[in-house]
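Visitor: Please pick one part of this model and take me through it closely, with the cut-offs behind the terms you use. After that, I would enjoy a look at some side-chain rings elsewhere.

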Amino acid sequence: MCGIVGFTSIQKQAAPILLDGLSKLEYRGYDSAGIAVRDGEKETEIVKAKGKLSELSQKTDEGRAVRGTCGIGHTRWATHGEPSETNAHPHSSDDGEVVGVHNGIIENYKEITERLIRHGYSFKTQTDTEVAIKLVDYYLKKYGSPAEAITRAMLRIRGSYALALMFKSCPGEIWAARKDSPLIIGVSGQDSFIASDVPAILKYTRTVYYIDNLEFAKLTPGNVTFYNIEGEEIEKESVTIEWDTEAAEKGGFEHFMLKEIHEQPTAVRDTLNSVIKDNRIDLSAAGIDDELLKEISRISIVACGSAWHVGVAAQYVIEDLARVPVRVELASEFRYRDPILEEKELVIIISQSGETADSLAALREAKGRGIRTLGIVNVVGSSIAREADNVLYTLAGPEIAVATTKAYSAQLAASYALAVALGRARGLIDDEKYAALIQDMLSIPEKIEKILSDKERIQWFASKFAGARDVFFIGRGIDYAICLEGSLKMKEISYIHSEAYAAGELKHGTISLIEDGILVIGVLTQQGLYEKTVSNLVEVKSRGAYLMGLTTYGHYAIEDTVDFNIYVPKIDEHFAASLAVVPLQLMGYYISIARGLDVDKPRNLAKSVTVE
Ligand code: F6R
């Protein structure tokens, strides 16, 4: 979802750095891009292009053709107005006094537009961004200073924004403001940067500042000043980014997604090692102790997409191990349905980016009612991480491919640790079971490695089904949760229609879609449900389905029923999702490749969904 980069320096040419930064934000998804660069006191030069960033690079000779040391850049993911060069950012006021880029959605843009039209403004684009820029221009003309214009505009705008602005009267300066959309600031020597995400500037600096909601900042070469919404200067501590640029590069793999699939053992290991000390689960870094765990009366897990699928798996694990009632909610529903929450309830928000608009709104909904919130978050310093009462970090590192893999696996690992800690604190897990569960949890990484070592078999099968039209995934219990994720991977990167069904539910309508040659994938990792799902597979086979089974080593009788089978190592069944999901991720990946699709940046999708 839209990416912002800004750079100001004494001597260095800005445009190549802006383009380089934008290329590191490509994973967020975009349909057009643009830069605005100023050479000293001269007029700002704006260059935009529809489509890939390479178009903009070509137009500007990789930035070399655009002179100047201060500039802002943007990749746009259309929300208001079609993807086009006109609608691409940066936008400027009619006299070029204010030039800016924006990420987010301005909810009251119509009302502001009408007001500005009454004051003589006209609009060239259909974007809410042009409205924001002209609103700042209006206040600038009325009150005279950029700081005053920005605070006035911030007070007037409803919605979310990360804004980067340049003012004609302030050469060499970039102004940035933020509410509910990510924005970070970096400083290194005589260079200052802004960006939507760390990878954009990591090559240049590790020292970053997180600008909070309703704050703004002024960047000059090598310096940054922060202000609150009253326009008062505020102090901020910088944070040092520990991971390196290599973590955000492809490292020899053909695609980020394949690299991240292979990073799952490390992501899970790092996440587990951060909470398991001397064979005991220690959640103190997240501010969670046994007293707190004993007090919880109920849990709501709230998330979107794959993170919600983690919640579905976690529900089975937590209820089984800790006997605490859990409900799993889509954040986009939770935030608007006036949920009934208990005083001692724990609301868990799961999010890789920590910036997903619906998840953030759900968190605020729960917090606003005085309910304790726990964020299971990957991005340090993200909005959800900062606003949740407690944060359990997943240590997956930067995830670049739009379709999540390693963050999903790290989220599962964090939720297992929480489930086991809950069960233990509530006296439901004795010493022996506790030791065995921890042992099995710690075996997940090497078992994922084993699955990855046999990926050619999956690749072969995927190539056979690259032309499939529909795929159904069926399973029961935790296997159903695995199916949800397998099916989403198939849809989002292969563009093949697929559905995940609780195996027993298929016959209540959907089975009518089964016909000759349709691929049905059965997931069977739960011993108590195994025979039941086999029966459901037989039902669809008799209607012509082609069957793939996914089960654990030892269940070789499955081969009497299915046409193709994949085995994963045995593990405590509570943790089976962590293993069974891997072949399904690989299936989605290889089918996408076989179909010649852009696997890391699937159409219509964005990495971080910061709008509703
Ligand atoms: C699917 C995927 C999305 C995200 C969802 C939530 O592969 O990546 O479904 O899981 O948009 O994102 P986060 O976890 O950043 O809140």
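**A hairpin and its neighbours**

Guide: Let's start at the hairpin of β5 and β6, where five residues lie between the strands and Gly 96 has a positive phi near 75°. Strands are DSSP E runs of at least two residues, helices H or I runs of at least four, numbered from the N terminus. The model is predicted, so to speak of local features takes pLDDT of at least 70 and of side-chain atom pairs 80 or more, while totals for chains, interfaces and linings use all residues. Numbering runs from 1 along each chain as its sequence is written, and side-chain values use heavy atoms, without hydrogens or water.

How many of the residues of β6 are buried? Six of the six, in a strand that spans residues 98-103 and is mostly covered (buried is under 20% relative accessible area, exposed over 50%, partly exposed in between; 1.4 Å probe, protein chains only). The cover reaches both faces of β6: one side carries Val 98, Gly 100 and His 102, the other Val 99, Val 101 and Asn 103, and all of these are buried.

Now to the rings you asked for. The whole structure holds 19 aromatic pairs (Phe, Tyr or Trp six-membered ring centres within 6.5 Å; planes under 30 degrees apart are stacked, over 60 edge-to-face, the rest tilted). Phe 461 and Phe 465 make a tilted pair, with 5.1 Å centre to centre and 40° between the planes. Both Phe 461 and Phe 465 are buried. Phe 461 and Phe 564 count as stacked because their centres are 4.1 Å apart and their planes meet at 5°. That pair links distant parts of the chain, 103 residues apart: Phe 461 belongs to helix α16 (residues 455-464) and Phe 564 to strand β27 (residues 564-568). Phe 461 has 0% relative accessibility, so it counts as buried. Phe 564, at 7%, therefore counts as buried too. One aromatic cluster takes in Trp 460, Phe 461, Phe 465, Tyr 546 and Phe 564.

Terms used:
Pairing = 2+ DSSP bridges.
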